[in-house]
Amino acid sequence: MKIISRHIALSFIAAWRKSCRKGYAILSASLFLAMASPILIGCVREPELHLHDGGDIIIKMPIVHLELDVFWDYVTDLGIPYDWTKEWYYGWDDYDKELFGTLGYEQPDAFNIRRYYTGLNPKAPHTQALSNYVNGFVLETSFNWGFWDILAWNDIKTIDGIQSLIFDESTTLDSVTAYTNMTMNSSRYHAPQFTRSFYQPEGLFAAYEQGIDINRNLNDFYYDEERGLWVKNINMLLEPITYIYLTQVIFHNNKGRVVAVEGNANLSGMARSVVLNSGIAGSDAIVVDYNVRFKKDCNMNGESVDIAGGRLMSFGMCNINGTRFAQSRAGVTRADDGIKHYMDVTMQFSNGMDSTLVFDVTDQVQTRYKGGVITVELDMDTVPIPRRKGGSGFDAVVVDYEDGGTHEFEM
């Protein structure tokens, strides 16, 4: 990110011209080098002269980690980079895009900015929040001299204009928290505080930088001769703080037994909220509601299978920043907070009956702590067909998802 001041240089020029009119004409070589402008030769800044308190600043906001291949940069125990495309058999056709949206992250183009002025004390508690809205990738506004904290997150835009994300800025000025509300659907597993599932959040990006020094001496600034501007570089990147999971239930030997799925599915044990400033998810575990679709005759390494697939967005696992989890715990490739993760999908059978299948996918979610593919494989020759409607026929507990699909069925 770059901060560029259009008017700091003009303020300096005005001050030096004022000094010249007072009769000061002492040549300062160091001043000439610092200002890089022949207009200032023959003048020197006097201590009693003060510039305007601040100037207009331009902030540019880059986006990183938009591609799933880049963001899901896991490495297996064997040192092999994670290639999600080799295990994602459901695909993503035009109808999936129409129903569920883009498979990966979408590039945001508008942002909410909160600026916190801390005076001469870097990283001091916030006493006031200044709000800005950016339509595009450039913010130009005024900054007082001193230290600033800056928080940025993308504006949410949806096809139907309905937004699930809610932002809490009133509880404390020191942080902003995002969360979603409950749906009307009941939750079944590992959500003891909540009886209903929650809406999945929209894609959310955030960046937070503290102690940004906008100083009178222009320390850490440089002069861009092409633009005629003073420039300050800031290491500030917008990163995803919501995580994409691609889920698929693969039916081997289905032979027309399962003919459809109910549109709603659930994944339990995910975080209810996230703090935008830190990217750390909240401690409350919830069930996230999302949509799935049933496809017949999909190609899985030459075998024709049926698949119930979907795309889930969530705040990720509780109490961690998924994007930086591996960096914060060197050598750790698996998150384990003791919370279990269950995925349930309601299937419609050829005899007109239905059953909710529940799968323990804890190992997969903990291993893919910032998103990835979650796969369950079922041999339908071993799955009982329900004899009544509305029943939970069985729980399909995946013993080890990496062993080719071993399952226990508990009636």
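In this predicted model, Arg-293 has a relative accessibility of 19% and therefore counts as buried, since the cut-off for that label is under 20%. The residue belongs to strand 18, which covers residues 285–300. The side chain of Arg-293 forms a polar contact with the side chain of Asp-96, at 3.0 Å. Setting aside residues up to four places away in sequence, Arg-293 also touches several others, among them Tyr-90, Asp-93, Tyr-95, Leu-99 and Phe-100. Val-261, Ile-307, Ala-308 and Gly-309 are included in its contacts as well.

Strand 18 holds another residue worth a visit, Asp-297. With a relative accessible area of 60%, Asp-297 is exposed, whereas Arg-293 is buried. The backbone of Asp-297 has a positive phi of about 55°, although this residue is not a glycine. A positive phi is also found at Asn-319, again a residue other than glycine, with a value near 70°. Asn-319 lies in the loop that runs between strand 19 (303–314) and helix 5 (325–328), and its relative accessible area of 47% makes it partly exposed.

Attention now turns to a sheet. Strands of a sheet pair through backbone hydrogen bonds, in either a parallel or an antiparallel way. Here, five strands make an open sheet in the order 4-3-6-11-14, and their pairing is antiparallel. Its edges are strand 4 (130–135) and strand 14 (239–240), each of which pairs on one side only. Strand 4 is joined to strand 3 (residues 110–119) by six bridges in the antiparallel sense. As one example of a bridge, Ile-113 has Asn-132 of strand 4 as its partner.

Note on methods
Residues are numbered from 1 along each chain as its sequence is written. This is a predicted model: local features need pLDDT of at least 70, side-chain atom pairs count only at pLDDT 80 or more; totals for chains, interfaces and linings use all residues. Side-chain values use heavy atoms; hydrogens and water are left out. Helices (H or I, at least four residues) and strands (E, at least two) are DSSP runs, numbered from the N terminus. Buried means under 20% relative accessible area, exposed over 50%, partly exposed in between (1.4 Å probe, protein chains only). A polar contact is a pair of N or O atoms within 3.5 Å; within protein, one must be able to donate a hydrogen and the other to accept it, and residues adjacent in sequence count only if both atoms are side-chain atoms. Contact means heavy atoms within 4.5 Å. Two strands pair if DSSP finds at least two bridges between them.
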